[in-house]
Amino acid sequence: MAIKKIAVLTSGGDAPGMNACIRAVSLAAIGAGAEVIGYKYGYNGLLKQEYIHLDPYAVRNLLQRGGTVLHSARCEKFKQTDQLHIAAQHLNDAGVDGLVVVGGDGSFKGAERLQSIWDKPIVGVPGTIDNDVAGTDYTVGYHTAIQTAVESLDKVRDTAEAFERIFVVDVMGREAGFIALNSAISAGADHVLLPETFTTAAEELVKILDKLDKRRKNRANKSHIIVVTENLWPGGLNVLADSLQAESGVDVRILTLGHVQRGGSPVWQDRLLATKLGTYAVEIIKQGQKGMMSAINHRLPAAVPLNDVSIERKELNSYSMQIRDEISLLG
Ligand SMILES: Nc1ncnc2c1ncn2[C@@H]1O[C@H](COP(=O)(O)OP(=O)(O)O)[C@@H](O)[C@H]1O
Ligand SMILES: O=P(O)(O)OC[C@H]1O[C@](O)(COP(=O)(O)O)[C@@H](O)[C@@H]1O
C-alpha cells in the first residue's frame, strides 16, 4: 500500500530506546517516500493536534539519546470513547496513512480501541522497561533498565560488605518481575521477591530468613542483598526491613532505585531492538495490516495482533527461575 504520511507517538512510561524507535520509524518511512510527523505527549498530542515534523535532520543523533524527544504522558481522557473519535478525526485531518504507537500494554489498549474506529493501520512498538508485553521476546528499554539496576546492585554490595549489612533493594516492574529476576541473577543477589511467586509476607519472611541462615554458614560475611519488585511487600519495605533486622540481628538498609531505571543512553541491545521494531512497524503499515504489534519472536520480526497481546500474560523465563533458586544458596 502506498503511504504518504506516517505519524508516531510515545506513550506511557518512557523507556531508554524510545528515541531510537522514533528515528527508525522516521528513517524507514522517509525511505519509503513518506512524510513523518510526531505527536507530542502521548495521546494528548493526538487530541490537541500538537505535532512536529520529523525529517532526517530532526532525528539525527537520536539513536543514543535517553528519554523521548516527543515526550511521553499518561492520558486518562483517551479512555473515553468520544475522545477516540476526535483522535480518529484529527488523524484524517492531518492526512495520516498509518500510526505507530511506542508504549506498553496500556498504550496498546488505547491503540486497539482507536483501531476499531479508524480505518488506516495502527501498529504498536513495545517500549517499556518492564518487559511485561506478551508476544515479543523483549521490549525496548528493558536491557538498559537491567544494566542500570545491576550497576547499582554492584555498588551497593561494596558498602553492604564493608558494614556487613543487609540491603533491601526496590526495583521497578509494576506487576511483573522481569527486571527484578534478571538484575538479581546478573548481580548475584542473595534473594529476589517476585509478584509472580509471592505468597504472603509471613511465608516470604520465613523463606528469606532460612536463605540468609544457610548462606551465612557458607561464608563469613553477614552482608546480603535482597531484590524486591516495587509495591510488593505489604505495608512497604520498611515493614520488611524492620522484621528482618529484628529476626536476624543484622543492620538493614533500604535502597529504592526508582526512576533512574528509566533514564540513560540505551545499551546496544535496546538500540538494535528499537531499530528493528521501528523499521518493521513501517513494513507492517506498508502491508496494510491493522491493529498489529511489531515484535521480535525467537529473534525474527513478527506482526502480532494487539488483541492477542492484551489477553496473554507474559511468563518469566523458567530457566532463570530455576537457577535463581539453585545458585543463590551457593557463593
Ligand atoms: N483502555 C484504554 N483505552 C484507551 N486508552 C488507554 C487505555 N488504557 C490505557 N490507555 C492509554 O495509554 C496510556 C498509557 O497507559 P499506561 O498503562 O499508563 O502505560 P504503558 O503503555 O506504558 O503500559 C494511558 O494513559 C492512556 O492514555
Ligand atoms: O512514572 P510513574 O508514573 O511513577 O510510573 C511508574 C511505573 O512506570 C514504570 O516505570 C514503567 O511502566 P509502563 O512502561 O508500563 O508505564 C513502572 O515500572 C512503574 O511502576
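Predicted model: local features only at pLDDT ≥ 70, side-chain atom pairs only at ≥ 80, totals over all residues.
Is Leu-306 buried or exposed? With 23 C-beta neighbours inside 10 Å, Leu-306 counts as buried, because the cut-off for a buried residue is 20 or more. Setting aside neighbours within four places in sequence, Leu-306 is in contact with Phe-108, Ala-111, Glu-112, Gly-124, Gly-291, Met-292 and Met-293. Lys-79 lies 227 residues away from Leu-306 along the chain, and their C-alpha atoms are separated by 17 Å.

Now step back to take in the whole protein. Its secondary structure comes to 11 helices and 11 strands. Along the principal axes, the C-alpha atoms fill a box of roughly 70 × 35 × 30 Å. The radius of gyration is 22 Å, which agrees with the value near 20 Å that a compact globule of 331 residues would have. Of those 331 residues, 47% count as buried. Among contacts with a separation of 6 or more, 77% join residues 24 or more positions apart.

The protein is divided into two parts: domain 1 (5–141 + 266–311) and domain 2 (144–262). Their centres, taken over C-alpha atoms, are separated by 35 Å. Where the two meet, 13 residues of domain 1 are in contact with 11 residues of domain 2. The side of domain 1 that touches domain 2 is made up of 5 nonpolar, 4 polar and 4 charged residues.

What lies inside? In soluble globular proteins, nonpolar side chains tend to be buried together. Here the largest nonpolar core has 96 residues, and Cys-21, Val-25 and Val-169 touch the most other members. Helix H1 (residues 18–31) gives the largest share of this core, 9 residues. Both domain 1 and domain 2 give residues to the core, so it lies between them. To picture one of its members, look at Val-169: not counting residues up to four places away in sequence, Val-169 touches Leu-153, Val-156, Ile-225, Ile-226, Val-227, Val-228, Leu-255 and Leu-257.

Next come the ligands. Which residues are closest to ligand 1? They are Gly-12, Arg-74, Gly-104, Gly-106 and Gly-110, out of 17 residues that surround this ligand. Helix H4 (residues 105–115) supplies the largest share of that shell, 6 residues. By class, the shell around ligand 1 divides into 3 nonpolar, 9 polar and 5 charged residues.

Ligand 2 has around it Gly-12, Gly-13, Gly-104, Thr-128, Ile-129, Asp-130, Met-172, Gly-173, Arg-174, Glu-230 and Arg-262. Domain 1 and domain 2 each give at least three residues to this shell. Its classes are 2 nonpolar, 5 polar and 4 charged.

One last stop is Asp-132, found in the loop between strand E5 (122–126) and helix H5 (142–163). Asp-132 has 21 C-beta neighbours inside 10 Å and therefore counts as buried. Beyond its neighbours within four places in sequence, Asp-132 is in contact with Asp-105, Arg-174, Ala-176, Phe-178 and Lys-314. Asp-132 and Arg-174 are 42 residues apart in sequence, and 8.8 Å apart in space from C-alpha to C-alpha.

How values were computed:
Residues numbered from 1 in each chain as written. Chains lettered and ligands numbered in written order. Near = placed C-beta within 6 Å. Helix = DSSP H or I, 4+ residues; strand = E, 2+ residues; numbered from the N terminus. Nonpolar A, V, L, I, M, F, W, Y, C, P; charged D, E, K, R; others polar. Core = buried A, V, L, I, M, F, W, Y, C linked by C-beta atoms within 7 Å. Buried ≥ 20, exposed ≤ 12 C-beta atoms within 10 Å, placed from the backbone. Domains from an automatic or database assignment. Contact = placed C-beta atoms within 7 Å. Rg over C-alpha atoms; globule rule 2.2 N^0.38 Å.
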